[in-house]
Amino acid sequence: MIVPVSILGGLVAAYKKDSWIDRLIVNTGLAFSAIPDFVAGVFLLAFLAVPFDFFKVQASAPPGSGPLIQIQHLLLPVIAVLMVYFGYIARITRAGTITALDSDYARTAFMRGLSTGRVFRKHIARNALQPTVAVLGTQLGYLFGGMVALEIVFGYQGVGNLIIRAVDRADYPVLRAGVLTVAIIYMLATLGADLLVAWMNPRARQTLGDN
């Protein structure tokens with residue numbers, strides 16, 4: 001949910017460049033990016049979870065809960081993470097899309113009479129999203145191990161929370177396992193992003209083959 005919404009926001013901002021929609025998306029993203037994740041979590045608890053019973057304070061659903069109940073419990077943490085990441089990912093997507101739209105191949109495609117949707121699918125998207133994919137690869141490890149404050153706010157038993165508890169108890173085996181898990185996830189995510197960028201960019205594939 002976080003990634004598609006952020007990418008869609010960046011694409012819309014680029015397509016509506018210099019319009020009020022572009023300014024709204026960019027300024028909203030900048031405002032959200034300035035809010036720390038745990039502050040966003042506290043505000044969501046105060047203004048959504050307290051007045052409305054639909055939103056749950058705890059991110060962990062009771063054992064045996066169905067998928068809808070689990071989604072309901074995870075809704076506020078997902079919104080908090082979306083607020084933190086939306087501006088960052090949307091701005092990178094917007095910049096990459098504007099660069100692709102101003103390129104010669106995009107102008108040639110429009111001059112040939114191709115529809116906007118087809119130009120985006122065939123020519124723009126693959127080139128515009130390469131910086132976004134690279135950034136997402138580096139941020140995935142942080143999502144697994146760096147959201148400690150947000151996990152504490154919502155009482156979610158994540159990897160970051162597990163590492164903090166292991167530090168408090170001086171439980172070194174669990175601490176080493178948690179740090180190693182985050183490192184492996186970070187490495188695999190970065191490798192996956194590089195491979196995906198290479199698939200999206202033939203010149204990058206050629207560079208990898210030469211090396």
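**A cavity and a helix pair**

α1 (2-15), α2 (20-33) and α4 (67-101) each supply at least two residues of the lining of the largest cavity; helices here are DSSP runs (H or I, at least four residues), numbered from the N terminus. The model is predicted, so local features need pLDDT of at least 70 and side-chain atom pairs pLDDT 80 or more, while totals for chains, interfaces and linings use all residues. Residues are numbered from 1 along each chain as its sequence is written, and side-chain values use heavy atoms, without hydrogens and water.

A cavity is a set of points on a 1 Å grid over the protein atoms alone where a 1.4 Å probe fits but cannot get out, and its lining residues have an atom within 4 Å of a point. The count comes to 1 cavity of 30 Å³ or more, and the largest has a volume of about 40 Å³, taken as the space filled by probe spheres set on points joined across faces, edges and corners.

Which residues line the largest cavity? They are G9, G10, A13, I25, V26, G29, F86, G87, A90, R91 and R94. α4 gives the largest share, 5 residues. By class, the lining has 5 nonpolar, 4 polar and 2 charged residues (nonpolar: Ala, Val, Leu, Ile, Met, Phe, Trp, Tyr, Cys and Pro; charged: Asp, Glu, Lys and Arg; polar: the others, Gly among them).

Now follow α4 to its contact with α3 (residues 37-49): D37, A40, G41, L44, L45, L48 and A49 in α3 meet L76, I79, A80, M83 and V84 in α4, with contact meaning heavy atoms within 4.5 Å. The residues of this contact divide into 10 nonpolar, 1 polar and 1 charged.

Conventions. On a 1 Å grid over the protein atoms alone, a cavity is a set of points where a 1.4 Å probe fits but cannot get out, and a pocket is an open set with protein on both sides within 12 Å along at least five of seven lines; lining residues have an atom within 4 Å of a point.
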